[in-house]
Amino acid sequence: MRSLLDFLVSRGFIDSEEVEGFNRDAEQKGCSVYELVLQSRRISEDSFLRAVSEECNLPYRSTLTDADADQELIKDLPIQYLKRHYLYPLQKDNGKLHLALSNPFALQSLDEMGTLLQARPIPVLAPSDEVLSAINRSFGETESVSDEIIRDVDQDEEDFSRLEPQKSGDLLEETSDAPVVRLVNHVLARAVRSGASDIHLEPYEDKLFVRLRLDGVLYTFYTLSRKLHAPVISRVKVMAGLNIAEKRVPQDGRIEIRIGNRRIDLRISCLPTIYGERVVMRLLEKDARLLSLEEIGLDRGELQTTRKLVSMSHGIILVTGPTGSGKTTSLYSALNYINTPDKNILTVEDPVEYQLEGVGQMQINTGVGLTFANSLRSMLRQDPDVILVGEIRDLETAEIAVQAALTGHLVFSTLHTNDASSGITRLINMGIEPFLASSSLRAIVAQRLVRLLCPACKQPYSLPEEEISKQGLEKHVDPEQVLYSPAGCEHCLHTGYKGRTALFEILELDEALQSLILRTSDSNSIRREAITSGMTTLRDNGFAKVSRGLTSIDEVLRVTQI
């Protein structure tokens, strides 16, 4: 095959005049021309690999699964080499080695792998993130390895004061022989691979439970001996730079780790209990893709309404719900939708969970007096068009937000209330005058997260007519309609659910509601008026998703308890 640059010129991806510049820049930066071309964003990796596949008649796979590869072939190969060259051996037969790679011009590494495995390499093109993901899955520890690690820790008598803080290297490449290090790294890797949002280390009288929160629900993954509590907690505290000798007071810390090609920020909380310190680790993926408005669970009508609301020039839009209900994700999806070069968007949060290009983000620091109220007051001098306040916690913050909305700014924020109508009551109870609340508020959105049924194992069933009436499903489900219930399989870790979506209750303030707020702050009255005006409640929104086979009745009832 001709050279990379000649190929790109022939396909019209770059101009012939640019060839010399690419060669020169690659030499100066010490990287390959291939890396430089992809970094320039002249062409996406997918488009490039498809073009090479067509040109050279090579197979192209957009995804790689564990079933594609012979795991026995991979287990003795060095993970560092495979990841550095983006190589993933698939199958070896009749003297041929089928090898997935993302750089078709890396001929030397292709030949080296063929020599190492004593076979003629046959390239199979695949995106680099798929190759890395497949490598990481193959080298992820199995349950039997987990048992072995736990047994080693149980038998080990280690001096934990000698443990060093965790470096920023890949945990999958950790070579330490210390059993407790291997155990903690294994738990972290397992949590990341499972998509957990939190890790709980909970000591009791004779056991240490390791629990992971998956899709909002806690599951016990390991039950360890009580004597492992001290070394495991000490290891986590050393990694987070906390004082391992102090066990009487709560401590908070932070760890940045890398697992495969994923960067994870861990927020650590240590709390003393009667059986010893309990640790909770919140996992935040630093490179997590921001969801668009179309992906967070809005139906067509709700999406149209939301687009209209977030495009307003001024007013307050509140998102309400308990902790972990997806409020921040929804707000950032809205910011991403309106984030254009002609808008000055500023946020103040605790903590900053997503990083959004083109948006000025600020994290509060109560230690130096930087509160939501102080930050918001300073932001108004920065000529903002849109402001996001992580949470309205007190009257001072609420008053500044209202004044900002009344002076021509669009303000997003959150409250902790059970439904949309209660958000108005909460503001008035804080001390906001009813006429200010009615004139500044544009909408209040209540939301909950429900688990999605696993598409691989969900089971169909029909609901009797009397049960439909009992559950209040008449508006959404016919007696002949097929519904689905959870079953459980290896794809969903036998939970019956995989992934989550949001339920929404959007309360728009029309003239009737504004007039009602001036007369009463009773949430029940406001709710009845909003439903009369066409608001869909959280439960009805959930039942609509049940009728579409997305989730189960039990799941909707669980998160919309009245």
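**A covered helix and its neighbours**

A: In helix α13, the buried residues are K327, T329, S330, L331, Y332, S333, A334, L335 and I338. Keep in mind that this is a predicted model. The helix is mostly covered, with nine of its twelve residues buried. Helix α13 spans residues 327-338. From its first C-alpha to its last, α13 reaches 17 Å, close to the 16 Å expected at 1.5 Å a residue.

Next, a contact partner. V310 touches A334, Y337 and I338, along with I317, L410 and F412; this leaves out residues up to four places away in sequence. Two of these names, A334 and I338, are among the buried residues of α13. V310 itself sits in helix α12, residues 300-310. V310 counts as buried because its relative accessibility is 4%, and the cut-off for buried is under 20%.

The largest nonpolar core holds 43 residues, and I316, L318, I424, L441 and L507 touch the most other members. Helix α15, residues 395-406, gives the largest share of this core, six residues. Apart from this core lies another, of 37 residues, including V192, Y222, M239 and I268. As background, nonpolar side chains tend to be buried together in soluble globular proteins. L441 touches I316, L318, I424, L427 and L509, not counting residues up to four places away in sequence.

For contrast, go to the surface. Y204, I274 and Y275 form a nonpolar patch there, with about 310 Å² of accessible area together. Y204 lies in the loop between β4 (198-203) and β5 (207-214).

Finally, the whole chain. The chain has 22 helices and 18 strands. Of its 562 residues, 48% are buried. Its accessible surface comes to about 27,300 Å², and carbon and sulfur atoms account for 46% of that. Among contacts between residues at least 6 apart in sequence, 62% join residues at least 24 apart.

Methods. Residues are numbered from 1 along each chain as its sequence is written. This is a predicted model: local features need pLDDT of at least 70, side-chain atom pairs count only at pLDDT 80 or more; totals for chains, interfaces and linings use all residues. Side-chain values use heavy atoms; hydrogens and water are left out. Patches are made of residues with over 30% relative accessible area and no salt bridge: like charges are joined within 9 Å, nonpolar side chains (Val, Leu, Ile, Met, Phe, Trp, Tyr) within 5 Å. Accessible areas come from the Shrake-Rupley method with a 1.4 Å probe; for residues, only the protein chains shown count as cover. A salt bridge is a side-chain nitrogen of Lys or Arg within 4 Å of a carboxyl oxygen of Asp or Glu. Helices (H or I, at least four residues) and strands (E, at least two) are DSSP runs, numbered from the N terminus. A nonpolar core is a set of buried Ala, Val, Leu, Ile, Met, Phe, Trp, Tyr and Cys residues joined through side-chain atoms within 4.5 Å. Buried means under 20% relative accessible area, exposed over 50%, partly exposed in between (1.4 Å probe, protein chains only). Contact means heavy atoms within 4.5 Å. The expected span of a helix is 1.5 Å times one less than its number of residues.
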